[in-house]
Amino acid sequence: MNAAPLKLYNSLTRSIEPFAPIDPAGPVRVYTCGPTVYNYQHIGNMRAFLFADTLGRVLRWKGYGLKHIINITDVGHLTSDADAGDDKMEKAAAAQAKSIWEIAAHYTQVFKADVARLNIPPPAKWTVATDYVPQMIAFAQRIAAQHCYELDSGLYFDVSSVPDYGRLARQATDAGESRIDPVGGKRNPQDFAIWRKTPAGESRQMEWDSPWGRGAPGWHLECSVMSNAQLGHPFDIHTGGIDHREIHHPNEIAQNQAFCGCTDTEPGFTGARMWMHNNFLVDRAGKMSKSAGEFLTLQTLVDRGIHPLSYRLMCLSAHYRSELEFTWEGAIAAQTRLKRLVQTIEKLRAAPEKPSRTTADAYRSRFDEALSDDLNTPRALPVLDELLADKALSPADRLAAAEAFDAALGLELATLTRADLRVRPATATIDAADIEARLAERREARAAKDFARSDALRDELAAAGVEVMDGDPLSWDWKL
């Protein structure tokens, strides 16, 4: 295990705390709130999964085993995160004239493909909400008598039945959780639906029989049930975007307290030992959101010639608890930085072997200290740069240390090539075969000392968005 003690920021206490697993002999158990699969995930959504992957990589870097669960929400999430409006899945299915199952299957497949493109390994299990509806009903039955009440619209959780409701958000006021759907008859503005009844005369594509009538589970109930089913309560760490800190996660905590009967004997019980949240990805107009109708997906970046791992590096360049502003200039800069890393490593692989005059231990220690300081990747990345530039270390030692560091960073430095990073923009009017043919013609012109033709070919390629790189083994690249 790497030496520096791991310290993580706990959103529940608003402080950095030493991390110790609940079960020293077992894996660290982590649950991440996954996507609602009614639309494509924008790159702001993907930042949450990059953060959770970085956490998992750092835990493994520190020598821990890991059991990571990510859920897929295919029912119950309403069009407002504040527990109001129509079901997102039902609404998307109606808008696209498809079955809700088709909608869920398509967007789940695209999401998992984006996860893979960002070099995020799959979790120990993807938990799909609709697979757990019987457990959700059983969970609700267990807490209903003491913590819930029934209205015409469904079964609601009484937040006054648990201690410290809203402690995670510290917003247990009309300005905070009271943004939850204002349903007539609720005892408290912050009370939320455990089960939503299908209105009389209506039907949903996804609905089930329950003791409270035919309907569907509430969004908040799903994560409490799935985390308990896969990880038990309490588990080590619950992650999600900072927007979940205000409503969704406080409601999970309330349900967990009620289900485990820990409200009196363990008033500090929340279901997870630590709650961790990443901050927003923002553009100049504000937080990135699907509600505006237009948003950036990973494919949008690829279509502009940006490799997915360049976006990963862009996220690693900012601390997960800091807002990160997205600009195209920033994305291009991240791609340039990644190309330089890959180019350096390719040169080290080709360099003749020689003995080291020192060891990489000091770099490893500094890298470990940065990661152990609440996943401080912006401080860890320069250590990698310095390591690669240190000529007192042999090429083999630099490569070995860089590969070890990359286990925590996930940039695929051991296998990524500069050619891999040469992503053809969707607007390009020329393909690689045409470029290679023109470069071959240009070499012939240069050999014949026909420099006018050589320059003309270079200018033609430049006009097509191609940068000719004489003397470089790669020979050409796209201009971004």
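**Figure 1. Valine 225 is a buried residue, with a relative accessibility of 4%.** Here "buried" stands for a relative accessible area under 20%, "exposed" for one over 50% and "partly exposed" for values in between, with a 1.4 Å probe and protein chains only. The model shown is predicted: local features need pLDDT of at least 70 and side-chain atom pairs count only at pLDDT 80 or more, whereas totals for chains, interfaces and linings use all residues. Residues are numbered from 1 along each chain as its sequence is written, and side-chain values use heavy atoms, with hydrogens and water left out. Valine 225 belongs to helix H5 (residues 219–231); helices (H or I, at least four residues) and strands (E, at least two) are DSSP runs, numbered from the N terminus. Leaving aside residues up to four places away in sequence, valine 225 touches Tyr132, Gln135, Met136 and Phe139, a contact being heavy atoms within 4.5 Å. Phenylalanine 139 is 86 residues from valine 225 along the chain, and the C-alpha atoms of the two are separated by 7.0 Å.

**Figure 2. A cis peptide bond joins histidine 233 and proline 234.** The omega angle of this bond is about 0°. Proline 234 is located in the loop that runs between H5 and strand S12 (235–241).

**Figure 3. Tyrosine 40 and tyrosine 107 form one of the aromatic pairs, of which the whole structure holds 15.** Rings of Phe, Tyr and Trp (its six-membered ring) are paired if their centres lie within 6.5 Å; planes under 30 degrees apart count as stacked, over 60 as edge-to-face and the rest as tilted. The ring centres of tyrosine 40 and tyrosine 107 are 4.9 Å apart and the planes stand at 85°, so the pair is edge-to-face. Tyrosine 40 is in the loop between strand S3 (28–32) and helix H1 (43–61), and tyrosine 107 is in helix H3 (residues 100–117), so the pair ties together parts that are 67 residues apart in sequence. Tyrosine 40 is partly exposed, at 35% relative accessibility, while tyrosine 107 is buried, at 6%.

**Figure 4. Tryptophan 61 and phenylalanine 405 make an edge-to-face pair.** The centres of the two rings lie 6.1 Å apart, and the angle between their planes is 75°. Because tryptophan 61 lies in helix H1 and phenylalanine 405 in helix H12 (residues 395–409), the pair ties together parts that are 344 residues apart in sequence. Both members are buried: tryptophan 61 has a relative accessibility of 9% and phenylalanine 405 one of 1%.

**Figure 5. Phe49, Phe111 and Trp126 are linked into a cluster by ring pairs.**

**Figure 6. Strands S15, S14 and S16 form an open sheet, in the order S15-S14-S16.** The pairing in this sheet is mixed. Strand S15 (286–287) and strand S16 (324–325) are the edge strands, each pairing on one side only. Two strands count as paired if DSSP finds at least two bridges between them. Strand S14 (residues 281–283) pairs with S16 in the parallel sense over two bridges, and valine 282 has glutamate 325 in S16 as its bridge partner. Strands of a sheet pair through backbone hydrogen bonds, in either the parallel or the antiparallel sense.

**Figure 7. Aspartate 374 and glutamate 412 have positive phi values.** For aspartate 374, a residue other than glycine, phi is near 55°. Aspartate 374 is found in the loop between helix H10 (361–372) and helix H11 (377–389), and is buried at 1% relative accessible area. For glutamate 412, also a residue other than glycine, phi is near 60°. The loop between H12 and helix H13 (432–447) holds glutamate 412, which is partly exposed at 29% relative accessible area.

**Figure 8. The protein as a whole has 14 helices and 18 strands.** Its C-alpha trace spans about 90 × 55 × 35 Å along the principal axes. Of its 480 residues, 56% count as buried. Among contacts between residues at least 6 apart in sequence, 74% join residues at least 24 apart. The accessible surface (Shrake-Rupley method, 1.4 Å probe; for residues, only the protein chains shown count as cover) comes to about 20200 Å², and 50% of this surface belongs to carbon and sulfur atoms.
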